[in-house]
Amino acid sequence: MIPGDKCFIVTDAMLVKLGIVSMLTKKLDEFGKAWQIFDEVEPDPHEETILRATEACSKFQPNLIIGIGGGSSLDAAKAVWFLYEHEEDKFTIDELNPFEELHMGVKAKCVAIPTTSGTGAEVTWAVIVTRTDVDGNESKLEQPNGDVIPTYAIVDPQFTKNLPKVLTAATGFDIIAHSSEGLIAEWRTDFADACCYHALDLVKDYFVKAYQNGEDMEAREKMANAASLGGLGFGNSQVIIGHAMGHSLGAVFHLTHGKAVGVMLPYILQYCLRNPDDDTALKTIAKAAKKLGLAEWKDDLAAASDAYIQFLNSLQKSVDFPHTLEECGITREDLGKNMERLVQLTNESSSITMSPREASDALIQKIFEYAFEGKSIDF
Ligand SMILES: [Fe+2]
């Protein structure tokens, strides 16, 4: 039994409308717990939304904060939890950084209930918040701190049963991006490796099934588990340049997170595999391909790692997922006009620092251009 009798629920209006939040509140009623809902979380939640939710939370004074939804609602819940816990300190979202010791959980515990299978936000230290600057430009603040990993995660595939196909595809690619990037990030560990490999194995067997038939509960369960495993994987390693470029695309073109990181993944992997100074990433991805049965054990590094990229490309086709930035609806003109900002945001992203291969501004631009056209990376 999770302790706490006054629950502040952070979610979005659509989940309330679809009756998914009532699956939770019915249970809370059964157990005699008081609850209040904040349902204004939008995709890529803005700082203002977080502040509004925190104000409502402070008035209610809960001892349990429950995030239910996709990554946006879970991240919002984690941010609200942080601000509420430290309201006497008058902390802002900027104090949510890896360098502070936060002493969470005194006023309230946090429960995360994912309704998509992708972000792994229920088990990670990352919180992504959108901030609009004085010129009206948006950027995504990446605010990680180990103390805001939710106290409890409830991973139940019942909550993902009604996930639309397009979101099943996008969030599934987020799992693959976490697990692939987590395997080759500079902070990788044996424990992260184990989680990333198993997440990929589950995705290989169940992603297309979950996409084709959303009511296949075995597939839904395996994808929900894969998402949390992927979260534990990259949470104990890191994501890399794919997430940095994906966050930039999200901020500039409002692509959903899964779509942005999923479309970039084959390109950034190819870039990392071609590192002339270090073949660790190449060896790791080649080994992953062999372990997953995508390549033969006798295959050389180039053939095995290429099989991994082919696997990603064929999965994209199987779940009607874009292969190029053009297929995401971005025009060449818009890409050109926004290139400087895309490169700048990529460089500002903390995710880029753990990449196994560095990239200059010119190379980041070139990767975006190749991803627009669907060209294999040859540099
Ligand atoms: Fe992600």
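1. Helix axes here are lines fitted to C-alpha atoms over the stretch in contact, with angles running from 0 to 180 degrees between N-to-C directions; helices (H or I, at least four residues) and strands (E, at least two) are DSSP runs, numbered from the N terminus. The model is a predicted one, in which local features need pLDDT of at least 70 and side-chain atom pairs count only at pLDDT 80 or more, while totals for chains, interfaces and linings use all residues. Residue numbers start from 1 along each chain as its sequence is written.

2. Helix α5 (residues 165-184) packs against helix α9 (residues 257-273) at an angle of about 35°, the axes being 8 Å apart.

3. The axes of α5 and helix α6 (residues 190-212) come within 9 Å and cross at roughly 155°, so that the two helices are roughly antiparallel (angles over 145 degrees). Their contact includes Gly172, Ile175 and Ile176 of α5 and Cys196, Ala199 and Val203 of α6.

4. An open sheet is formed by 5 strands in the order β2-β1-β3-β4-β7, with parallel pairing (two strands pair if DSSP finds at least two bridges between them). The edge strands, each pairing on one side only, are β2 (34-38) and β7 (152-153).

5. Within this sheet, strand β3 (residues 64-69) is joined to the parallel strand β4 (residues 109-114) by 6 bridges, and Gly67 has Ala112 of β4 as its bridge partner.

Note on methods
Angles under 35 degrees count as roughly parallel, over 145 as roughly antiparallel, 65 to 115 as roughly perpendicular and the rest as oblique. Two residues are in contact if their C-beta atoms, placed from the backbone, lie within 7 Å.
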